[in-house]
Amino acid sequence: MTTIPSEPVETGKASLLYDPKIRGYFYQFAVLGIVAFLFYSAASNAIENLRAQNIASGLGFWNNAAGFDVNQKLIPFSASGSTYGQAFYVGLLNTLLVASIGIVLSTFLGFFVGVSRLSSNWVLSKLAMIYVEVIRNLPLLLQLFFWYNAVLKPLPNPRQSIDLPGGALLNNRGLYIPDPQLGPGGSLIIWAFVLGLVATIAFRFWARKQQAATGRQYPVGWVALGLILVLPFFVYLVTGRPVSFIYPELAGFNLRGGIQIFPEFVALLLGLTTYTAGFIAEVVRAGILAVSKGQTEAANALGLRAGPTLKLVVIPQAMRVIIPPLTSNYLNLTKNSSLAVAIGYPDLVQVFTGTVLNQTGQAVEVVAITMAVYLTISLVTSFFMNIYNKRMALVER
Amino acid sequence: MNTIFGAALAATAAIVCAGGAQAQTGGLLAQIKSKGVLTCGVGPGLAGFGIPDAQGNWTGLDVDLCKAISAAIFNDPNKVKYIPLSSKDRFTALQSGEVDLLSRNTTWTMSRDTSLGLNFAGVNYYDGQGFMVNKKLNITSALKLGGASVCTQQGTTTELNLADFFRANNMKYEVVAFASSDETIKAYESGRCDAFTTDASGLYAERLKLANAADHIVLPEIISKEPLGPVVRHGDDNWLDVVKWTHNAMLNAEELGVTKANVDSMLKSDNPEIKRLVGTEGKFGEAIGLTNDWAYRIIKHVGNYGESFEKNVGAGSLLKIARGQNALWTKGGLQYAPPIR
């Protein structure tokens with residue numbers, strides 16, 4: 001608000017009443033008060049009603065013994081010793097696992113399809129179009145049922161498992177891959193891998209600086225390959241091959257040993273990835289089309305081929321348009337992962353809002369916690385995507 | 001996600017907003033009378049217990065209890081609105097007041113009776129958990145299931161009993177839990193699991209859904225006690241009495257030999273127990289807020305417990321389940337009702 005100093009300002013009650021700023025504050029506080037009161041009365045009403053109906057409330061159930069089992073667990077969990085709280089973490093980690101892998105895979109697939117749709121290759125661009133139109137226009141739940149059946153139905157039972165190269169086995173209970181066991185000195189291989197990774201990042205940074213300063217290019221790709229793959233392999237040979245594998249083998253009904261990848265997980269991952277990739281493809285296409293054609297022509301005039309033009313000129317500019325809608329697709333994928341409940345994948349909703357809610361009967365607490373978790377995951381994702389967006393945004397001089 | 005969150009949210013909203021819906025007027029019975037309809041939470045489709053027939057009419061042992069209560073209140077067994085509820089959603093629906101009672105094979109356990117704000121009104125089917133496997137596996141005992149994958153429906157006592165059974169017998173297993181029974185049986189049929197587990201009555205009912213029902217056998221072991229019965233909300237004793245005594249009246253009618261066919265002639269009976277049952281003596285109906293011919297109405301419209309059993313799950317049905325534990329106490333079973341006097 002600006003005041004004109006030449007006019008004499010009357011100070012007093014009347015002027016405060018007509019001051020738009022003061023009025024604005026008053027109304028905002030009034031609305032805030034009403035909202036706070038609504039929340040307070042809803043909460044106290046709920047507590048009172050729960051007490052009146054003799055329904056247990058509070059978070060006391062968190063440390064009670066769970067008494068049920070979950071098949072896919074990233075942390076130790078068993079019916080005999082684990083609590084509802086641990087069941088929550090089992091579900092949460094399963095949600096994060098499928099969401100994070102799904103986000104990475106759908107980004108790659110989405111970029112590939114989005115770029116393909118703009119390809120001058122007629123077959124490729126039409127295939128990409130069909131993919132996008134089919135995937136985007138079918139309900140996700142239906143697609144999940146499709147993938148679950150598509151994964152389960154053609155696979156044999158454990159007694160007739162399909163042998164895959166490298167000792168892996170495939171049947172309708174999942175994919176079993178050999179479980180690597182590190183012998184003495186085995187941890188050196190992991191350290192070599194980490195070292196290679198760090199060295200690669202450092203080299204890439206150095207190479208970029210060199211290129212900016214002198215214009216010389218360095219073979220970053222080959223160096224990365226050498227550092228990340230060849231170095232650990234070399235250490236593996238030098239330390240006397242300290243890795244042994246536990247191979248899956250038939251024992252009774254099922255296979256024993258090895259790492260089991262569950263069909264529910266695969267079906268959910270396939271469903272989420274292909275579905276979200278359809279949307280990402282359109283976002284990418286829109287982003288690329290938003291870059292003016294003159295940019296490509298200018299790059300061509302400088303002598304850049306199609307690949308480098310896309311990579312160095314078009315995509316970096318397209319990213320400014322792509323990132324915000326890409327973020328909401330990531331959020332959608334995470335939230336859609338709760339459809340896991342339909343195909344028996346033990347995600348947060350299935351384990352916590354399903355079994356735990358039913359065994360404890362504490363719907364209000366369990367649903368509130370679940371909502372808070374999804375909200376947190378979404379906000380954290382947006383936070384990091386916003387940082388990325390700021391870095392990619394147009395820098396105006 | 002939508003259905004589960006939806007139901008849970010609806011329940012939350014109801015608990016948050018419905019500022020003491022029960023406390024406002026007399027009792028649930030008075031409300032049901034003034035609404036003119038009984039809202040009954042039933043199973044979403046379990047043959048013999050609660051399932052719509054080809055014409056869309058609900059039938060089953062649990063459904064008959066809803067009909068009996070409707071008959072006792074309205075002298076008409078069809079003033080019932082059926083709400084199909086999955087295992088996961090049933091208690092929330094009852095707690096929030098969406099249904100007046102739950103009559104859908106629900107196991108009576110201490111924690112449900114105490115911490116959920118609910119009351120069990122009796123046991124209308126004594127059941128126990130069992131396993132179904134494909135004959136091809138050549139298994140004759142559940143104790144040979146070590147290492148097996150087992151499909152089950154989540155949000156049930158089944159899930160807990162399963163864990164207990166394998167833990168107690170020191171066997172490993174893999175559980176695959178689904179939200180609805182249809183998905184569970186489909187996954188079992190597609191070979192995802194070696195065994196399917198639920199209450200024994202449910203095994204027979206679900207087996208009817210399989211393409212080759214004859215290829216599957218129910219193993220002899222019963223691994224748990226599953227007393228199934230109707231459930232009402234805590235805090236309305238009169239309504240609890242109505243539900244409890246409707247079930248008891250059906251049992252007493254069977255014990256006294258009063259059937260749907262002969263109930264009219266029984267009105268002239270001199271047997272004092274029958275006179276009290278059909279309401280020609282005493283004012284027992286009025287004591288629970290009904291008319292004195294309440295039990296007569298139940299038997300006239302629905303029949304006694306034995307008739308309902310045989311028609312829905314026994315010899316007169318596809319399930320052909322023997323009375324077993326559900327026979328009257330006079331015939332070696334567990335069904336025993338306190339007397340009407």
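Domain bounds here come from an automatic or database domain assignment. Keep that in mind as you start, and remember that this is a predicted model.

**Stop 1: the two domains of chain B**

Select residues 26-126 together with 228-331 in chain B. That is domain 1. Now give residues 129-224 another colour. They make up domain 2.

Next, look at where the domains meet. Here 15 residues of domain 1 of chain B are in contact with 13 residues of domain 2 of chain B. What kinds of residues does domain 1 bring to this meeting? Its side has 8 nonpolar, 6 polar and 1 charged residues.

**Stop 2: strand β11 of chain B**

Stay in chain B and select residues 195-199. This is strand β11.

Pick out B:Q129. Its bridge partner in β11(B) is B:D199.

Pick out B:V150. Its partner in β11(B) is B:A195.

While you have strands on screen, here is a rule to look for. In a regular strand, side chains alternate between the two faces of the sheet.

**Stop 3: the largest nonpolar core**

B:A195 leads on to the next stop. It is among the residues with the most contacts inside the largest nonpolar core, which has 158 residues. Show the others too: A:A87, A:L268, B:I69, B:A295 and B:I298. Then select residues 263-289 of chain A. This is helix α8, and it gives the core its largest share, 13 residues. Why does the core lie between domain 1 and domain 2 of chain B? Both domains give residues to it, so it lies between them.

Zoom in on B:A295. Leave aside its neighbours within four places in sequence. It is then in contact with B:A249, B:A253, B:L277, B:V278 and B:G279.

**Stop 4: where chain B touches chain A**

Zoom out and show both chains. In all, 43 residues of chain B are in contact with 41 residues of chain A. Which element of chain B gives the most to its side? Select α1(B), residues 2-17. It supplies 7 residues. Other elements that supply at least two residues each include α5 (90-95), α7 (157-168) and β10 (173-178) of chain B. By class, the chain B side has 18 nonpolar, 17 polar and 8 charged residues.

**Stop 5: a sheet in chain A**

Move to chain A. Find the open sheet of 4 strands, in the order β1-β2-β3-β8, with antiparallel pairing. β1 (162-163) and β8 (259-261) stand at the edges. Each has a single partner strand, so one side of each is left without a neighbour in the sheet. Select β2 (169-171) and β3 (174-177) of chain A. They pair over 3 bridges. Within that pair, A:L170 stands opposite A:L175.

**Stop 6: A:R204**

Finish with A:R204, in helix α6 of chain A, residues 187-214. It is partly exposed, with 15 other C-beta atoms within 10 Å. The C-alpha atoms of A:R204 and A:P219 are separated by 9.3 Å.

Note on methods: Residues are numbered from 1 along each chain as its sequence is written. Chains are lettered from A and ligands numbered from 1 in the order in which they are written. This is a predicted model: local features need pLDDT of at least 70, side-chain atom pairs count only at pLDDT 80 or more; totals for chains, interfaces and linings use all residues. A residue is buried if 20 or more other C-beta atoms lie within 10 Å of its own, exposed if 12 or fewer, and partly exposed in between; C-beta atoms are placed from the backbone. Two strands pair if DSSP finds at least two bridges between them. Two residues are in contact if their C-beta atoms, placed from the backbone, lie within 7 Å. Ala, Val, Leu, Ile, Met, Phe, Trp, Tyr, Cys and Pro count as nonpolar, Asp, Glu, Lys and Arg as charged, and the others, Gly among them, as polar. A nonpolar core is a set of buried Ala, Val, Leu, Ile, Met, Phe, Trp, Tyr and Cys residues joined through C-beta atoms within 7 Å.
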